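Let's walk through this structure together, one region at a time. Keep the 3D view open as you read.

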Amino acid sequence: MIEKLNAHVHSIFAPYKSAKTATELEEELLQNLLEKYDDHRRNGASEQEAFKLTVDSIGEVSELMESLNLQYNVLEQAISMDYSRHRLLDSDFRSVSVHDGKFNSCDLSRSDFSHSDLTNSTFKNSNLDHCIFENANLTSTLFKNANLKGVTFKNSIYNKTHFKSCNLSGLIFDGETFKQTIFEGSSLRKASFRDATLINVQFRMSDLKKIDFTGASMDKLTYNFLHGAKVDLSGVTLI
Amino acid sequence: MVQRQLSSDLLRGHVDTMILKLLQSGDKYGYEISKLIYTNSNEQYEIKEATMYSSLKRLEKDGCIISYWGDATQGGRRKYYKITPIGENTYIQNKNDWEQAKRILERLL
């Protein structure tokens, strides 16, 4: 019966299995249901009764899926520049100002965005492999489902920058200053924030294993977020 | 176990606040939350998993709670939820809003 429950939950999540958040929710829901099933059995329900009660307690599957897909609530603003769906490998965007620029679904591998102003720009589903963001203004910039492998971030502005569903594993943010930055559903495994300053930074549903905050300074809110996620904060200064 | 369909829409609108209240007495995982809602309601409200998770994800998105995986127990690991200072404030605000709405409804209904 436990296999049956497992199979039932798995079938609900099957179409969403690529999303990490879906995999985690599946694991979480299954654990709840197994415990619930055991309790029903302990209270005298037959295997069939317990299974039915447990499965019925899931409720509306559509509601469950909506919870995975919370709408991104920043307005899609008027387009000033649209570079979407282009192959722009090795492009030189140095020192350009592209407020509200859209770099969606494009290949920008090895492009250089140093000294550029990318305020309110979006990089959705784009390949940013080995791009350079030195002295870039990333205020309210959104990186969503972007490949950020080997990207260099240095001396940039990260006010309200939003990293959603991105792989930031192993990236180095040493000495950078983050204000109201959001890391959501992203992997920050082994990322380095040595001597960085973090104020009002949120880490939602992200993988924070082996992240390095040695010598970092942060406010209490950020600290609490990370502390709850059991991140090693021994070398951190509270500000 | 009988599922009472007690004005569930009316109750659903307050699930966020129910969860915030429960988390004030310590971190809890999903099944613990649904069990407490059931017993604390005198077995009159059984929250659906979907309703609970849409609330948990919303609360997490709004910074009211944070989550972390606990150690594996027999079988699987549990994800725990913890209330943040933002969540504490939201709870107080929601509770006040409810008290005010209750007073108005008592006059009108």
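In this predicted model, strand E8 of chain A pairs with strand E10 (residues 197-199) of chain A in the parallel sense, over three bridges. To find one of these pairings, look for A:Phe178, whose bridge partner in E10(A) is A:Leu198. Strands of a sheet pair through backbone hydrogen bonds, either parallel or antiparallel. Stepping back, you will see an open sheet of four strands in chain A, ordered E8-E10-E12-E13 with parallel pairing. Its edges are E8 (177-179) and E13 (237-238) of chain A, each of which pairs on one side only.

Now turn to where the two chains meet. Chain A brings 30 residues to the contact and chain B brings 24. On the chain B side, at least two residues each come from helix H3 (30-40), helix H4 (49-61), strand E2 (65-72) and strand E3 (77-83). H4(B) gives the most, with nine residues. By type, the side of chain B that touches chain A holds ten charged, seven polar and seven nonpolar residues.

Finally, stay in chain B and look at a pair of helices. H2 (residues 15-23) and H5 (residues 85-108) of chain B pack with their axes 9 Å apart, at an angle of about 125°. Because of that angle, H2(B) is oblique to H5(B). Their crossing is left-handed.

Key
Residues are numbered from 1 along each chain as its sequence is written. Chains are lettered from A and ligands numbered from 1 in the order in which they are written. This is a predicted model: local features need pLDDT of at least 70, side-chain atom pairs count only at pLDDT 80 or more; totals for chains, interfaces and linings use all residues. Axes are lines fitted to C-alpha atoms, for helices over the stretch in contact, and angles run from 0 to 180 degrees between N-to-C directions. Angles under 35 degrees count as roughly parallel, over 145 as roughly antiparallel, 65 to 115 as roughly perpendicular and the rest as oblique. A crossing is left-handed if the near helix is turned anticlockwise from the far one by less than a right angle, and right-handed if clockwise. Two residues are in contact if their C-beta atoms, placed from the backbone, lie within 7 Å. Ala, Val, Leu, Ile, Met, Phe, Trp, Tyr, Cys and Pro count as nonpolar, Asp, Glu, Lys and Arg as charged, and the others, Gly among them, as polar. Two strands pair if DSSP finds at least two bridges between them.
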